[in-house]
Amino acid sequence: MADDAVAGTAAASTTSAGTTCSITGFQATMLQAINTRRATARSCGTSGSFAATTALAWNAKLFSAAAAHSGEMARLGRTEHQLTGEAALGARITAAGYGWSAVAENIASGYGSIDTVMSGWMDSAGHCANVMNPALTEVAVSCVAASDGTLYWTMDLAAPR
């Protein structure tokens with residue numbers, strides 16, 4: 001695990017109301033929602049079936065990358081993995097200071113809570129496969145509200161070098 005990986009709420013100082021949609025206990029609740037799903041075997045539709053797997057650890061550098069991407073999506077009002085003029089996922093994660101060997105990203109917009117965004121991701125084959133991928137060991141999620149109130153979500157998952 002990377003040196004900056006933390007469990008529970010130890011890295012709460014890296015989050016703010018603006019990058020967590022002002023959801024109380026965001027980091028701990030998000031991590032629990034993810035790890036509860038990883039703890040149960042499941043089918044991810046066309047992306048395959050996955051055995052239950054280990055819990056992910058929260059990573060502050062991944063959070064930095066996720067927060068920046070959610071902020072850009074909210075600013076532009078677009079839900080895309082690579083916005084115009086923005087670096088690709090791997091380069092964004094590297095720029096945040098995370099040395100990775102595997103990386104994946106889930107994004108969403110319009111979901112009003114952790115439960116609804118997680119349900120949306122788990123109902124999507126590719127997003128579900130990212131959550132269930134046993135090769136990925138660390139995660140961070142950010143949520144940023146746009147000026148019109150739309151919530152933009154980014155989940156960055158990775159494994160360190």
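Contact here means heavy atoms within 4.5 Å. Helices (H or I, at least four residues) and strands (E, at least two) are DSSP runs, numbered from the N terminus. What you see is a predicted model, in which local features need pLDDT of at least 70, side-chain atom pairs count only at pLDDT 80 or more, and totals for chains, interfaces and linings use all residues. Residues are numbered from 1 along each chain as its sequence is written, and side-chain values use heavy atoms, with hydrogens and water left out.

UniProt, in an unreviewed entry, lists residues 32-156 as "domain: SCP"; its positions are given in the numbering used here, feature names are shortened, and annotations may be inferred rather than shown by experiment. Over that stretch the chain is 38% helix and 25% strand, and the end C-alpha atoms are 16 Å apart.

Now look at the nonpolar cores. A nonpolar core is a set of buried Ala, Val, Leu, Ile, Met, Phe, Trp, Tyr and Cys residues joined through side-chain atoms within 4.5 Å. The largest one has 38 residues, and Met118, Trp121 and Val141 are among those with the most contacts inside it. Two or more residues come from each of H1, H2 (60-76), H3, E5, H4, H5, E6 and E7. A second, separate core of seven residues includes Met73, Leu83, Val144 and Ala146. As for Val141, its contacts beyond four places in sequence include Phe26, Trp58, Trp121 and Trp153.

Next, find His69 in helix H2. Is His69 buried or exposed? It is buried, with a relative accessible area of 0%. A polar atom of its side chain lies 2.8 Å from the backbone oxygen of Glu80. Beyond four places in sequence, the contacts of His69 include Glu86, Arg92, Glu105 and Thr154.

That list brings us to Arg92, found in helix H3, residues 89-95. Arg92 counts as buried because its relative accessibility is 10%. Among the residues it touches, not counting those up to four places away in sequence, are Ala65, His69, His81 and Glu105.

Key:
Buried means under 20% relative accessible area, exposed over 50%, partly exposed in between (1.4 Å probe, protein chains only). A polar contact is a pair of N or O atoms within 3.5 Å; within protein, one must be able to donate a hydrogen and the other to accept it, and residues adjacent in sequence count only if both atoms are side-chain atoms.
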